[in-house]
Amino acid sequence: MFRSRSKDEKAPTEKVTADLSKQPRDPEAPKGRPTPKRSEAQTQRRRAQTAPLDRKEAMKRQREARRMDLARQREALASGDERYLPARDKGPVRRFVRDFVDSRFAVAEFFLPMAVVILVLSLFGNANPSLQNISLLLWAGVIVMIVIDSIGLSIRLRKQLNERFPNEPKRGAVAYGLMRTLQMRRLRLPKPQVKRGERP
């Protein structure tokens with residue numbers, strides 16, 4: 001009853017197992033795993049086709065992808081397309097700050113041209129002391145005007161942001177606006193989307 005099987009008794013089961021493995025699988029029989037969705041299968045095939053063959057090919061594709069991203073970013077900076085803007089320029093708060101600054105004149109945007117004029121006056125000031133005094137007074141006047149204008153702009157901008165975006169994070173938005181005033185209007189990026197005097 002508890003004796004071990006003989007070799008002859010073990011043989012039939014081995015033959016049956018071998019015969020079963022050789023038989024073709026029924027196409028309607030369950031395969032033991034769920035069928036993938038069409039989109040998943042297509043993604044896997046595409047990934048297999050586009051997988052880089054070597055490291056050099058991978059680096060080349062990475063460079064091309066980076067170049068395309070930079071091109072899209074340049075276009076977005078010119079057109080104001082939110083999707084491809086850099087992270088520092090994205091969001092409704094930053095867009096409002098840009099429009100708020102671009103819609104008005106700021107003393108700070110004329111800083112560079114005035115600095116050039118003052119520099120020229122100071123160069124000729126060595127021969128003429130009165131010109132040197134004028135350039136120093138102009139320099140001090142420009143600095144004072146920029147500071148006063150920037151304080152007024154920051155107060156108005158902060159008030160508008162608190163009214164329009166009470167629940168949005170506004171950290172760094174005022175500083176972002178003040179930095180934008182230091183750039184000449186035509187050199188600003190992203191490009192201005194509003195005209196002077198047109199309120200956002």
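Which side chain does R188 meet in a salt bridge? Let me start there, and keep in mind that what we have on screen is a predicted model.

So, the partner is E109: the two side chains meet in a salt bridge, at 3.7 Å from N to O. What I like here is the sequence distance. This pair links distant parts of the chain, 79 residues apart. R188 sits in the segment after α7, which runs 173-181, while E109 is in the loop between α4 and α5, and α5 is 111-124. Both R188 and E109 are buried.

How many salt bridges does the structure hold? Seven. I'll show you two others.

Go to helix α3, please. R72 and D69 meet there through their side chains, with 2.6 Å from N to O. They both lie in α3, three residues apart, so about one turn of the helix. How open are they? R72 is at 30% relative accessibility, and therefore counts as partly exposed. D69 has a relative accessible area of 42%, so that one is partly exposed as well.

While we're on α3, a quick check on its geometry. The helix covers residues 55-79, which is 25 residues, and at 1.5 Å a residue it should span 36 Å. The C-alpha atoms at its ends are 36 Å apart, so that agrees. Then, just after α3, G80 takes a positive phi of about 85°.

Next one: D89 and R88. Their side chains meet in a salt bridge too, 3.2 Å from N to O. Buried or exposed, for D89? Buried: its relative accessible area is 0%.

Have a look at D99, in helix α4, residues 92-102. D99 is buried, yet it has no salt bridge. The nearest side chain of opposite charge is R95, and that is 4.4 Å away.

Conventions: Residues are numbered from 1 along each chain as its sequence is written. This is a predicted model: local features need pLDDT of at least 70, side-chain atom pairs count only at pLDDT 80 or more; totals for chains, interfaces and linings use all residues. Side-chain values use heavy atoms; hydrogens and water are left out. Helices (H or I, at least four residues) and strands (E, at least two) are DSSP runs, numbered from the N terminus. Buried means under 20% relative accessible area, exposed over 50%, partly exposed in between (1.4 Å probe, protein chains only). Lys and Arg count as positive and Asp and Glu as negative; His and the chain ends are not counted. A salt bridge is a side-chain nitrogen of Lys or Arg within 4 Å of a carboxyl oxygen of Asp or Glu. The expected span of a helix is 1.5 Å times one less than its number of residues.
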